[in-house]
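Please keep the sequence and the model in view while working through the numbered points.

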Amino acid sequence: MRAIVIEEFGGPEVLRPAELDDPAPGPGQVLVDVSARGVNFIDVYQRAGAYQVPLPYVPGMEAVGTVAALGEGVDSLATGDRVGWALAPGGYADRAVIDASRLVPVPDDVTDEQAAAVLLQGMTAHYLTHSVHPVAEGETVLVHAAAGGTGLLIVQLAKARGARVIGTVSTDAKEAVAREAGADEIVRYTETPVAEAVRDLTKGEGVAAVYDGVGRDTFDASLASLRPRGVLALFGQSSGAVEPVDPKRLNGAGSVYLTRPSLAHFVADRDELLGRARDLFTLIGEGRLNLRIGGRYPLEEAGRAHEDLTSRGTTGKLLLI
């Protein structure tokens with residue numbers, strides 16, 4: 001089978017096409033013929049060595065496909081079933097072996113591309129807006145990188161819960177995309193200090209929550225944008241890791257809360273995993289969650305997809321198909 005293999009940490013050039021033997025499922029596992037794969041920053045972190053993984057390594061933490069074979073003891077699925085997963089490696093290949101407990105069924109009214117575009121980033125947006133800080137009707141929240149893959153989904157889910165959403169973007173084109181998703185206000189962080197703009201837009205009060213997947217470049221502005229007892233959900237670090245923080249800064253910002261959540265801790269329970277996926281698939285099937293595919297790449301061009309993702313020049317979700 002075709003696969004992308006990392007044999008050393010580094011830039012996009014270490015994502016090299018290879019031919020590997022077809023894997024076989026063990027007890028409790030499933031062999032999946034992969035049709036579509038999401039490209040995510042966790043793939044970039046693993047490729048670069050920021051998140052250590054054993055080498056050689058087949059990346060790809062989000063994918064969708066069809067069940068090709070079942071390992072011993074798997075009776076909840078059948079060959080031919082459409083399934084998807086997030087947070088299990090091996091998606092950058094024609095076939096992958098995944099624990100049955102990590103797979104979710106994909107309904108008929110959701111396409112493979114839609115499922116691959118929503119499982120990791122969509123469930124991230126879901127746990128942020130429903131669990132980390134459950135958005136309440138009438139609240140104002142701030143979403144960084146509002147035109148990105150995760151940002152667009154956070155905007156839509158926060159709006160569905162009745163929030164007023166302020167989004168940060170860098171260009172006219174990204175502003176249009178974020179507004180189309182439902183963002184009420186836009187701050188162009190390349191032109192205006194974010195915290196100052198947020199204070200102006202909230203009449204000095206600040207926002208109830210900041211959803212920040214950017215990290216180092218946005219952290220100070222995120223903290224300064226919160227209302228007293230607000231929540232800063234730092235769920236990523238696309239610009240780099242945040243420097244160590246003196247806890248007294250949280251007091252000075254208004255007794256605010258800082259959390260560094262991870263999707264893994266919000267889908268560890270299978271019922272929770274299935275519930276989040278089911279909610280998202282239902283919204284897609286009903287036409288109430290719009291997915292923007294920002295780029296489609298053949299598997300062998302995974303390196304180019306990584307370059308585009310990290311360039312901050314894309315909007316929406318990038319897929320390997």
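1. Leaving aside residues up to four places away in sequence, arginine 276 touches Met123, His126, Tyr127, His130, Ser131, Phe266 and Val267, where contact means heavy atoms within 4.5 Å. Arginine 276 lies in helix α8. Its relative accessibility is 4%, so arginine 276 counts as buried; buried means under 20% relative accessible area, exposed over 50%, and partly exposed in between, with a 1.4 Å probe and protein chains only.

2. The model is a predicted one, in which local features need pLDDT of at least 70, side-chain atom pairs count only at pLDDT 80 or more, and totals for chains, interfaces and linings use all residues. Residues are numbered from 1 along each chain as its sequence is written, and side-chain values use heavy atoms, with hydrogens and water left out.

3. How do the axes of α2 and α8 cross? The axes of helix α2 (residues 112–132) and helix α8 (residues 270–285) come within 9 Å and cross at roughly 110 degrees. Helices (H or I, at least four residues) and strands (E, at least two) are DSSP runs, numbered from the N terminus. Axes are lines fitted to C-alpha atoms, for helices over the stretch in contact, and angles run from 0 to 180 degrees between N-to-C directions. The two helices α2 and α8 are therefore roughly perpendicular, the term for angles of 65 to 115 degrees.

4. Residues on both helices make this contact: among them are Met123, His126 and Tyr127 of α2, and Leu273, Arg276 and Phe281 of α8. The contact residues comprise 10 nonpolar, 5 polar and 2 charged. Here Ala, Val, Leu, Ile, Met, Phe, Trp, Tyr, Cys and Pro count as nonpolar, Asp, Glu, Lys and Arg as charged, and the others, Gly among them, as polar.

5. Strand β3 (residues 29–39) has 8 of its 11 residues buried, so β3 is largely enclosed by the rest of the structure. Two strands pair if DSSP finds at least two bridges between them. An antiparallel pairing over 7 bridges links β3 with strand β4 (residues 62–70), and there aspartate 33 stands opposite threonine 66. Strand β6 (residues 95–99) is joined to β3 by 5 bridges, again antiparallel, with valine 32 opposite alanine 96. Strand β15 (residues 317–320) pairs with β3 in the antiparallel sense over 3 bridges; arginine 37 stands opposite leucine 320.

6. Strand β9 (residues 164–169) pairs with β10 over 4 bridges, and valine 169 has arginine 188 as its bridge partner in β10.

7. Some backbone details deserve a check. Leucine 55 and proline 56 are joined by a cis peptide bond, with omega about -5 degrees; proline 56 lies in the loop between α1 (41–48) and β4. Arginine 229, although not a glycine, has a positive phi of about 65 degrees. This arginine 229 lies in strand β12 (residues 226–234), and at 63% relative accessibility it counts as exposed. Serine 255 also has a positive phi, near 55 degrees; serine 255 is partly exposed, at 42% relative accessible area.

How values were computed
Angles under 35 degrees count as roughly parallel, over 145 as roughly antiparallel, 65 to 115 as roughly perpendicular and the rest as oblique.
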